Amino acid sequence: MELSNITENEKSFDCDISKVASLAELEEIRLKYLGKKGLIQDIMAKFREVPVEQKREFGQKVNALKNKIETEIENKKQLLLTEQINKEIENTKMFDYSLPVDTKTGSLHPRTIIQKQVVDIFKNMGFVVEDGNEVETEYNNFESVNVPKNHPARDMQDTFWLSNGELLKTQTSAAQNRILRTYGPVCKVIFPGRVFRNEQLDARHENTFFQLEGVVVGKNITVANLIYFEKAMLKALFKKDIEVRLRPGFFPFTEPSYEMDAKCPFCGGKGCHTCGNSGWLELCPCGMIHPNVLKMAGIDPEEYNGFAFGLGFDRLVMIRTNLDDIRYLNSNNLKVMSQFKTKM
Ligand code: DAH
């Protein structure tokens, strides 16, 4: 075994590697030179035959050649891999910008759309937007809004009670006390929220639905102020002047209490499917805040007064979209939901 053997092997490797065109061929070359029965191993095995005075130089040269072969094979491998990926991209046209785009997009829930619209309208009229808890105390949900224990009005709202004596709020009115304490005695606040009632489900009743509550408190507030804000809201929502009427109602937290009806924006009062041929839509329970409610929130009813109102978002969606079953709104049925995009 002589030094010239090493040089010969190097030349043959240079030649071999220059011709490699695939990873498979590269692997063949690797085995030929670096494999267990490869040429480098072959040379090493014959180290014994090298004359003593040449051993050192011989050893260095073999090592240098081995390193060179390893490096060049690795470099070539990376090059071939990159080429292969580029070819795959080209073949699969991964980045074909000319392909038509799938235009199916999601949409907001119709209740979310209505809520945003109504909240924006009140915001523009200077109302603060607040939030409420879904789990509430009996005090906040009932007592603080003038519904003491055993009051018959509790039967109007079948309640989901929790084992710790708290409840799932049955009305957004549950936040009145906290909000009046925080912002009163002079304030304009709305607070949308999800409410729960232990109801038998049918086309008109859900056990989970969405309301918006509003309170306005100050000095010398009158029913005329209440009507003004409601009409302004309806005008912004339906994009036209809407006539309203008040009927006497009953709510423990307001005195007097009213049911506010809006002249049907679809038939103008002539009678249609949406208003059940009555010409009017029952829209907004409301009234002047009961002095007890103000007192319990630390506001002196001799000095201040105000009004409160509730709005049902589910009902508004049903009116706007002519939907006749409230249960669709919690159904998560995409076939139904996707139809609202164009209707809202
Ligand atoms: N809390 C009532 C309900 O859920 C709605 C309501 C009626 C709210 C009259 C009010 C109001 O603020 O004044 O049925």
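Colleague: Which residue has a polar backbone atom 3.3 Å from an oxygen atom of the ligand?

Modeller: Keep in mind that this is a predicted model. A polar contact is a pair of N or O atoms within 3.5 Å. At 3.3 Å from a ligand oxygen, the backbone atom in question belongs to phenylalanine 309.

Colleague: And how much of the ligand's accessible area does the protein cover?

Modeller: On its own, the ligand has 350 Å² of accessible area.

Colleague: Which side chain has an N or O atom 2.8 Å from an oxygen atom of the ligand?

Modeller: Let's look at two side chains here. The side chain 2.8 Å from a ligand oxygen is that of glutamine 211.

Colleague: Now the largest pocket: which element gives the largest share of its lining?

Modeller: The lining has 38 residues, with Arg197, Phe209, Gln211, Pro285 and Gly312 nearest the pocket's centre. Strand 5, strand 7, strand 8, strand 9 and helix 10 each supply at least two lining residues. The largest share, 6 residues, is from strand 8.

Colleague: What is the bridge partner of leucine 246 in strand 7?

Modeller: The open sheet runs in the order 1-4-5-9-8-7-6, and strand 6 (244–249) is one of its edge strands. Strand 6 pairs with strand 7 in the antiparallel sense, over 6 bridges. In strand 7, leucine 246 has as its bridge partner methionine 260.

Conventions: Residues numbered from 1 in each chain as written. Predicted model: local features only at pLDDT ≥ 70, side-chain atom pairs only at ≥ 80, totals over all residues. Heavy atoms only, no water. Pairing = 2+ DSSP bridges. Helix = DSSP H or I, 4+ residues; strand = E, 2+ residues; numbered from the N terminus. 1 Å grid on protein atoms, 1.4 Å probe; cavity = no way out; pocket = protein on both sides within 12 Å on 5 of 7 lines; lining within 4 Å. Polar contact = N/O pair within 3.5 Å; in protein donor to acceptor, adjacent residues only side chain to side chain. Areas by Shrake-Rupley, 256 points an atom, 1.4 Å probe, with all protein chains shown as cover.
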